[in-house]
Amino acid sequence: MSESDIDELFLKQKDCNLYVATAVASFLSCLFLFYFISPRFSSLVSSGYQKLSVAKRIDWNTRIGSNLHAIIVSITSLYCFFFDAETTSNPVASDAVFVRTGIAITMGYISADFLIIMLSYKHIGDLFTVTHHVMAIWAYYFVVVYGSLPYFANVRQLAEISTVFVNQRWFFDAIGYSRLSRGFVVNGYIMGASFFLCRIAIMPLYYYKCYSVWGSRQQKDLGALISFYWISTCIVLDSINLYWFTKIARGAMKLTRKLKERKEG
């Protein structure tokens, strides 16, 4: 191995350590937010928080961290999707700093959320969420450690744009807001639109991009394991998103009927 090869390997390992450290910092920050910040903050901003059941308070606190994470990675992923040339020009393997940093933050957050769910499974356990988290953690590991599939991971991050509205709907419901109130209705329609645009409508573009790079030298260099996990993870996660969207769509249609009936009545 030449001196230049050794230097390049050292730099890659240094970069990897930086992203792993970012993931660990995100993991610890999310746990600190859940156990210490969110309960106190929530008690101050909402009189209904203390009236919630244990299960709903746990869920509430996880969603505070979820919102903070969603805002951070939504900004990062949108920037990378539209403006980061390193991400778009090298979709299969690159040292895209912004993408890998964003994915490291997400990996830390999802790992913390997964731990909280498992520790509180009897209260907030959900098979779909657990499956989603396990698949996402394993998929994002390849991005954080090896810089594999940065473009595709970043497209997945765009899904977080809808998360804030999904959580807000839950908050409204938890504290007893009327589902026909203006805030609930407006948030609900924004939630449905953002969920559709960021998780469902983007699927054709995503899979077309997969098709366009499949069989390339870079894709083959990923190896069979990563390539298989890449596609299989996408199918599982998109199946979950389709399931969730059908529930959102049914809820939106039900809400629309109620609004129409109230207007006519």
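Pro91 touches Leu149, Pro150, Tyr151, Phe152, Lys209 and Val213, leaving aside residues up to four places away in sequence; contact here means heavy atoms within 4.5 Å. This is a predicted model, in which local features need pLDDT of at least 70 and side-chain atom pairs count only at pLDDT 80 or more, while totals for chains, interfaces and linings use all residues. Residues are numbered from 1 along each chain as its sequence is written, and side-chain values use heavy atoms, with hydrogens and water left out.

- Pro91 is found in the loop between helix 3 (85-89) and helix 4; helices are DSSP runs (H or I, at least four residues), numbered from the N terminus.
- Pro91 has a relative accessible area of 8% and is buried. Buried means under 20% relative accessible area, exposed over 50%, and partly exposed in between (1.4 Å probe, protein chains only).
- The C-alpha atoms of Pro91 and Ser43 are separated by 44 Å, and the two residues are 48 apart along the chain.
- Phe41 is found in helix 1 and counts as partly exposed at 42% relative accessibility.
- Between the C-alpha atoms of Phe41 and Asn61, 20 residues apart along the chain, the separation is 9.6 Å.

**Aromatic rings**

- The structure holds 27 aromatic pairs.
- One of them joins Phe34 and Tyr35, whose ring centres are 4.7 Å apart with planes at 85°, so the pair is edge-to-face. Rings of Phe, Tyr and Trp (its six-membered ring) pair if their centres lie within 6.5 Å; planes under 30 degrees apart count as stacked, over 60 as edge-to-face and the rest as tilted.
- Phe34 is buried, at 9% relative accessible area, whereas Tyr35 is partly exposed, at 42%.
- Phe142 and Tyr146 form a stacked pair, with 6.5 Å from centre to centre and 25° between the planes.
- Both Phe142 and Tyr146 lie in helix 6 (residues 127-146), four residues apart, which is about one turn of the helix.
- Phe142 counts as buried at 7% relative accessibility, and Tyr146 counts as exposed at 51%.
- A cluster linked by ring pairs takes in Tyr79, Phe81, Phe82, Phe83, Phe98, Tyr151, Phe152, Tyr206, Tyr207, Trp214 and Trp230.

**Charges over rings**

- The charged end of Arg156 sits over the ring of Tyr206, 4.5 Å from the ring centre. The criterion is NZ of Lys or CZ of Arg within 6 Å of the ring centre and within 35 degrees of the ring normal.
- Lys209 lies over the face of Tyr151, at 5.1 Å from the ring centre.

**Nonpolar cores**

- The largest nonpolar core has 25 residues, and Ile103, Ile110, Tyr140 and Val144 have the most contacts inside it. Such a core is a set of buried Ala, Val, Leu, Ile, Met, Phe, Trp, Tyr and Cys residues joined through side-chain atoms within 4.5 Å.
- At least two residues of this core come from each of helix 1 (3-45), helix 2 (54-83), helix 4 (97-119) and helix 6.
- Helix 4 gives the largest share of this core, nine residues.
- Another core lies apart from it and has 18 residues, among them Val92, Met135, Val213 and Tyr229.
- Tyr140 touches Ile103, Thr106, Met107, Ile110, Ala153, Arg156 and Gln157, not counting residues up to four places away in sequence.

**Helix 10**

- Met203, Tyr206, Cys210 and Val213 are buried in helix 10 (residues 203-213).
- These residues cover an arc of only 110° around the axis, which puts them on the same side of helix 10. The arc is that of the directions from the helix axis to the C-beta atoms.
- The exposed residues Pro204, Tyr208 and Tyr211 are carried on the face of helix 10 turned away from its buried side.
- Helix 7 (150-157), helix 9 (182-200), helix 11 (217-222) and helix 12 (224-264) are the elements against which the buried residues of helix 10 pack.

**Cysteines**

- A search of the whole structure finds zero disulfides, a disulfide being a pair of cysteine sulfur atoms within 2.5 Å.
- The closest cysteine sulfur to that of Cys210 is in Cys234, at 5.3 Å, too far for a bond.
- Cys210 counts as buried at 5% relative accessibility, and Cys234 is buried at 2%.
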